[in-house]
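Dear colleague,

Please look through it before reading on.

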Amino acid sequence: MPASPSTARAINDRLALRLLQDEGPLTAGQLKNLTGLSRPTVADLVERLQGSGLVHVVGESGAERRGPNARLYAIVADRAHLAALDVRTHSVSLVVADLLGAPLAEATLPIEPEAGTGPAVEQVVALLERTAKEAGAGRLHSVGIGAPGLIDPASGELRDTSGLPAWHRELVRVLAGRLPAAVLVENETNLAAVAEQRLGAARGQDTFVLLWLGQGIGAAVVLDGKLRRGASGGAGEIGFMPVPGTGGLPSATGCDGGFHELVHAGAVARLAAAHGRSGSVEEAVRDADGPFLDALAERLAIGAAGVVAVLDPGVIVLGGELGHAGGQLLAGRVQRALAALTPLATEVRPSELGDGAVLSGALLTARDAAQDDLFAPKV
């Protein structure tokens with residue numbers, strides 16, 4: 001059945017807003033060409049979007065004749081403000097941005113290990129308030145949070161996980177209670193995959209796996225364009241995956257003996273030292289070549305082979321601080337080592353976003369939520 005006039009208008013408005021988001025300011029003529037809509041229909045939708053406060057005139061196009069047809073229309077970026085937080089074990093990084101996702105203010109705060117739950121939460125809340133004020137954001141519309149641990153797929157809440165600070169979960173609860181904003185929390189590795197798919201090494205990929213390589217080890221699984229979390233939110237907990245070359249087997253309470261034992265930052269530092277490499281683990285990986293990099297690639301390929309055997313993702317992105325530091329040299333070696341372990345052709349790519357992928361993914365999540373709300377048809 002054909003769409004009703006109101007439904008058609010809503011679809012056209014949403015299409016125009018997405019084009020303005022992706023392409024930047026456009027004239028009515030450019031919107032007509034990109035949407036395939038008639039000139040009167042485009043004129044009507046531009047008038048509606050201006051009336052709703054979502055679009056405004058930002059100038060004129062020199063390529064068009066002067067007058068109404070030359071006006072450049074853009075989304076009103078300060079219609080809403082967003083925040084994104086990257087919550088680590090002992091620190092928080094955050095950014096406040098406009099509706100288009102353009103950063104307005106950023107901040108980072110270390111959290112002392114001995115800080116109690118209450119004080120740690122209040123420090124982060126105060127930092128967010130100060131940063132929002134600095135950005136000129138009187139009210140936040142949506143807040144995206146990336147944190148280690150499992151997200152309950154039913155409730156969307158951060159689960160209480162042993163080994164992680166209690167203030168993580170309390171922070172999410174406090175922000176949801178205090179802010180007049182949508183607070184969205186997601187596993188950090190999953191957010192890194194969102195960012196790499198939209199902005200980084202996995203652009204254009206509907207199916208891929210991101211391996212997060214850092215203090216902890218994890219994976220994000222994207223299949224057929226969708227992020228897959230699993231029945232309990234634990235898809236991608238590959239640190240627990242039993243692999244050869246470890247001192248035993250992992251358990252329900254610890255990943256020692258699993259893939260984590262081979263490739264977490266501490267293990268990589270010891271491997272580097274055994275090959276005579278000094279300095280930080282990131283420096284050792286960034287400047288590596290020869291036997292050390294070959295040995296590290298072989299370890300990574302062991303875990304990657306298990307992922308490939310089950311998922312056949314076609315592309316693996318090496319993310320996190322170590323994946324980014326290793327760059328194409330490490331990715332190429334992992335791809336060659338992996339090819340010897342599986343018949344399934346798999347391209348291995350280095351992260352393009354590195355450690356900043358989590359914050360970028362959290363900001364994208366907040367931006368999508370705000371735009372889904374503000375761009376939705378008003379009934």
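By class, how many nonpolar, polar and charged residues does the lining of the largest cavity have? The model is predicted, so to speak of local features a pLDDT of at least 70 is needed, while side-chain atom pairs count only at pLDDT 80 or more, and totals for chains, interfaces and linings use all residues. Residues are numbered from 1 along each chain as its sequence is written, and side-chain values use heavy atoms, leaving out hydrogens and water.

The lining has eight nonpolar, no polar and no charged residues, where nonpolar covers Ala, Val, Leu, Ile, Met, Phe, Trp, Tyr, Cys and Pro, charged covers Asp, Glu, Lys and Arg, and polar the others, Gly among them. One cavity of 30 Å³ or more is found, and the largest has a volume of about 40 Å³; a cavity is a set of points on a 1 Å grid over the protein atoms alone where a 1.4 Å probe fits but cannot get out, and lining residues have an atom within 4 Å of a point. Points are joined across faces, edges and corners, and the volume is the space filled by probe spheres set on them. Among the lining residues are Leu213, Val263 and Leu330, and helices H10 (290-311) and H11 (320-339) each give two or more residues; helices (H or I, at least four residues) and strands (E, at least two) are DSSP runs, numbered from the N terminus.

There is also an open sheet of five strands in the order E10-E9-E8-E11-E12, with mixed pairing, where two strands pair if DSSP finds at least two bridges between them. Strands E10 (226-228) and E12 (347-350) are the edges, each pairing on one side only.

Best wishes

How values were computed. On a 1 Å grid over the protein atoms alone, a cavity is a set of points where a 1.4 Å probe fits but cannot get out, and a pocket is an open set with protein on both sides within 12 Å along at least five of seven lines; lining residues have an atom within 4 Å of a point.
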